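Look at the structure below.

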Amino acid sequence: MNLFGNQKQISALEAKSNAQKIAFAPIVFQATLALRNLGILDLLMKNHSQGLQADTIATELNLPIYGVKVLLEAGLGAELVYLQDNSFYLSKTGYFIIKDKLTQVNMNFVADVCYQAMPCLEDSIVNEKPVGLERFGQWATIYEGLSQLPEKAQKSWFEFDHFYSDIAFPNVLPLVFKSNPRHIVDVGGNTGKWAKCCLEYNEQVRVTVVDLPVQLDKATALLNDAGFGGRFSTQAINLLTEGGGFPEQADVIWMSQFLDCFSDAQIASILRRACSGMGAESSLYILETFWDNQQFAASSFSLVNTSLYFTCIANGNSKMYHSNELKSCAEQAGLSLQEQTDDIGIGHTLLEYKLS
Ligand SMILES: C[S@@+](CC[C@H](N)C(=O)[O-])C[C@H]1O[C@@H](n2cnc3c(N)ncnc32)[C@H](O)[C@@H]1O
């Protein structure tokens, strides 16, 4: 299957016009944000049947007519709006910009976390370091600094992270609980959302949330507030430190949107250590979005570009993986694939492993 459209089939004219979209992409992005944030797209939505002239929009929103005109004209180029009899109308693409949650989450993440740091991409690649992260602070990875990010960047980071996993979690609970696990170890448990889902789903299960020390306060507060004190514990570990051990006697080891935070060598090392916490009956589950395993070209496109956030900002050496890359790391670690479930939530795949 060709995930990215058939490049061999397009005409030279189409190709040249695609190239112009790329040349101006950062400007188009900012124009779209301005059209959204200044309320112009919303106003066009409210007036979708009769459209609006530029001067009416300027008056209604109390904006300078010059600025409204240049934005609307850029919006024509980006196909966010269209012009009919001197009035502007919201297009279908414009509708998705203001109404579609997935688009909003992605745009806010790019605007608030990535945009100002991405000019450091070349440097990050050459030096194998997340040079763009310096814009936010002096940490080795973004995970150490998540709790200290500026408010807007932090909000957009968590919304981006949670949006995808929140949708997937309800679908995978029955799969994970089919073996009636009593102890689940949630590795990279973040704010404790998966742990909370598990504790709500099954009254007998206990959960250990494993993460960097700076993350565990949020998980502890969420789970205590939900009344689960006594049924969960936390373990602070930096898994990049060799020898950082895993909790023992896990029936299930859970890694959701976690292994994409590491290089393939680090993944193999983490999985090897995870094996030490598993018995013959234990399962290790990996929930990931693989770029080769998507139903839509737009999903694969989003994933390969999300990889560059990892390169430039998150840690400099991880990515959204091709499923075979991750499977190869798991095999190297001594795990054997039991079951693969595709098309969960928005493009997730669940892999279940047991000790080989
Ligand atoms: C992308 S978030 C995934 C959160 C959650 N599992 C989900 O599905 O939404 C990755 C998590 O891994 C944690 N993490 C990253 N590097 C780590 C490390 N070296 N040791 C332990 N945890 C780490 C981060 O703090 C973060 O909570």
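Arginine 135 sits over the face of phenylalanine 136, 4.8 Å from the ring centre. For such a contact, NZ of Lys or CZ of Arg must be within 6 Å of the ring centre and within 35 degrees of the ring normal. This is a predicted model: local features need pLDDT of at least 70, side-chain atom pairs count only at pLDDT 80 or more, and totals for chains, interfaces and linings use all residues. Residues are numbered from 1 along each chain as its sequence is written, and side-chain values use heavy atoms, with hydrogens and water left out.

Next, ring against ring. The whole structure holds 17 aromatic pairs. Tyrosine 95 and phenylalanine 96 have ring centres 5.7 Å apart and planes at 90°, so this pair is edge-to-face. Rings of Phe, Tyr and Trp (its six-membered ring) pair if their centres lie within 6.5 Å; planes under 30 degrees apart are stacked, over 60 edge-to-face, the rest tilted. Tyrosine 95 is partly exposed at 37% relative accessible area. Phenylalanine 96 is partly exposed too, at 45%. Buried means under 20%, exposed over 50%, partly exposed in between (1.4 Å probe, protein chains only). One aromatic cluster comprises Phe109, Phe160, Phe163, Tyr164, Tyr309 and Phe310.

Now the backbone. Most residues other than glycine have a negative phi. Asparagine 190 has a positive phi, near 60°. Asparagine 190 is buried, with 11% relative accessible area. Glutamine 257 also has a positive phi, about 45°. Glutamine 257 is buried, at 15%.

Finally, isoleucine 27. At 57% relative accessibility, isoleucine 27 counts as exposed.
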